Structure formats: C-alpha cells, structure tokens
Amino acid sequence: VFKDVHSLLSGILASGKGVMLHRAPFLISDGEILEEGYFTMSYSIISEGEHAVGFSNWVTDVTSSVVNERRTELLRNLALKTSDVNRFADIPNIFKETLGGDAKDFPFFAYYERESKNYRLITSTEMEGLEFPSILNGKHAKDGSEDFFSDLKEELERNIAKIEAGSNS
C-alpha cells in the first residue's frame with residue numbers, strides 16, 4: 001500500500017493538482033495475510049504562493065460495499081441462470097460454472113441431493129487438498145437440522161486442517 005500511496009503523492013506534489021479516487025483497489029497485509037481493500041480518497045494540494053507545501057488527504061474504506069455488491073451480482077447471475085433451466089438435472093452444473101470460478105467470494109461450495117436417507121455429493125468446487133464427503137449420513141430426520149450441518153462442518157474442518165497441515169510442512 002505504501003508504495004502505491006508514495007507514488008500517488010509524488011505525482012500530486014509534482015503536478016500541483018489534487019486527485020479523487022473512487023473505489024481504488026489495494027492489497028493490504030498485516031504481515032501474514034494479504035487482503036483486498038477498496039478506498040475512496042481525495043488528495044488536495046496545500047499551496048503557499050506557487051509552491052506546494054503539503055496536502056490534505058481524506059479516505060473512506062468502502063471495501064464491504066464493493067465486496068457486497070460483487071457478491072450480490074454473482075448471486076443475481078446465478079438466479080438468472082437457474083430461472084431459465086428446463087431440467088432440474090442441469091442445476092448442479094450451473095452452480096459449478098457460476099460459483100466455482102469465483103474463489104474470492106465463494107472459496108468452495110458443495111451441492112448435495114437427498115437420496116433415500118442420505119445426501120449424495122453431486123458437484124463441488126475442485127480445490128487442492130479439499131475433499132467433500134461423497135455421502136453424508138442422513139440419520140437426522142429433518143432436512144436442514146442442526147445435527148446435519150454440524151456433521152458437514154466437522155467433516156470440512158477435518159479437511160481444512162489437513163490442507164493447513166500440508167501447507168505448514
């Protein structure tokens with residue numbers, strides 16, 4: 001971030017003209033994790049006579065707004081694509097095409113269908129080291145029960161732990 005801002009400030013001070021940036025993307029690091037950030041900012045020159053002697057800077061973090069709009073657009077596209085489906089069997093592929101290519105907002109997804117008393121994996125994100133169970137035990141009588149999702153969560157946490165253990169070795 002500081003390289004980008006330094007370059008921007010150097011140009012502003014050299015030109016003597018302020019600038020306004022809307023939703024400018026930056027990669028921000030806390031030393032360990034690199035995250036995307038979006039900011040609306042203005043830089044105004046403070047002059048003394050004909051010479052720039054400083055600047056004022058106003059910044060607003062608009063990251064959540066940009067990310068929420070992007071996610072909403074992705075889900076809107078998914079809704080439009082699924083609304084045109086003539087065959088139920090085509091829906092898993094639409095999910096995979098629409099969500100599978102967006103690791104930023106949907107790092108992984110799994111599409112299960114109920115079969116008798118169990119849930120069978122139909123399609124999912126292909127992510128190195130992450131394996132979704134092909135069958136989830138449907139021992140819980142009610143779809144969407146807390147126990148069902150707890151079982152899925154535990155299975156995914158085991159897989160994520162395997163991925164993290166592999167990346168730390």
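A polar contact of 3.5 Å joins the side chains of Thr98 and Lys81. A polar contact is a pair of N or O atoms within 3.5 Å; within protein, one of them must be able to donate a hydrogen and the other to accept it, and residues adjacent in sequence count only if both atoms are side-chain atoms. The model is predicted, so local features need a pLDDT of at least 70 and side-chain atom pairs count only at pLDDT 80 or more, while totals for chains, interfaces and linings use all residues. Residues are numbered from 1 along each chain as its sequence is written, and side-chain values use heavy atoms, with hydrogens and water left out.

Thr98 is part of helix H3. Helices (H or I, at least four residues) and strands (E, at least two) are DSSP runs, numbered from the N terminus. Is Thr98 buried or exposed? Thr98 is buried, at a relative accessible area of 8%. Buried means under 20% relative accessible area, exposed over 50%, and partly exposed in between, with a 1.4 Å probe and protein chains only. Leaving aside residues up to four places away in sequence, Thr98 touches Leu74, Leu78 and Lys81; contact means heavy atoms within 4.5 Å.

Now take the chain as a whole. The chain has four helices and six strands, and along the sequence they follow the pattern α-β-β-β-α-α-β-β-β-α. Of its 169 residues, 27% are buried. Among contacts with a separation of 6 or more, 31% are between residues 24 or more positions apart.

Which residues make up the largest nonpolar core? There are nine: Val5, Leu9, Ile12, Ala24, Phe26, Phe39, Met41, Tyr43 and Ile45. A nonpolar core is a set of buried Ala, Val, Leu, Ile, Met, Phe, Trp, Tyr and Cys residues joined through side-chain atoms within 4.5 Å. At least two residues of this core come from each of helix H1 (2–15), strand E1 (19–29) and strand E2 (34–48). E2 gives the largest share, four residues.

Strand E1 also holds Arg23. Arg23 has a positive phi of about 55 degrees, although it is not a glycine. With a relative accessibility of 37%, Arg23 counts as partly exposed.

E2 and E3 run antiparallel and are joined by ten bridges; two strands pair if DSSP finds at least two bridges between them. One of the residues involved is Thr40, whose bridge partner in E3 is Thr60. The hairpin of E2 and E3 has two residues between the strands, and in this hairpin Gly49 takes a positive phi near 70 degrees.

Next comes helix H2, residues 63–83. H2 has 21 residues and reaches 30 Å from its first C-alpha to its last, close to the expected 30 Å at 1.5 Å a residue. The expected span is 1.5 Å times one less than the number of residues. The buried residues of H2 are Thr63, Val66, Val67, Leu74 and Leu78. Why do they lie on the same side of H2? They cover an arc of only 115 degrees around the axis, so they are on the same side of H2; the arc is that of the directions from the helix axis to the C-beta atoms. An α-helix has 3.6 residues a turn, so residues three or four places apart point the same way. On the other side of H2, Ser64, Thr72 and Ser83 are exposed. The buried residues of H2 pack against E1, E2, strand E3 (51–61) and helix H3 (91–99).

A further sheet involves three strands. They form an open sheet in the order E4-E5-E6, with antiparallel pairing. Strand E4 (110–115) and strand E6 (135–136) stand at the edges with a single partner strand each, so one side of each is left without a neighbour in the sheet. Two bridges join E5 to E6, and the bridge partner of Tyr119 in E6 is Leu136. Thr123 is in strand E5, residues 118–124. Thr123 is buried, with a relative accessible area of 10%. Not counting residues up to four places away in sequence, Thr123 touches Pro92, Lys96, Phe109, Ala110 and Tyr111.

Ile160 is partly exposed, with a relative accessible area of 31%. Its C-alpha atom is separated by 8.0 Å from that of Gly129, although Ile160 and Gly129 are 31 residues apart along the chain.
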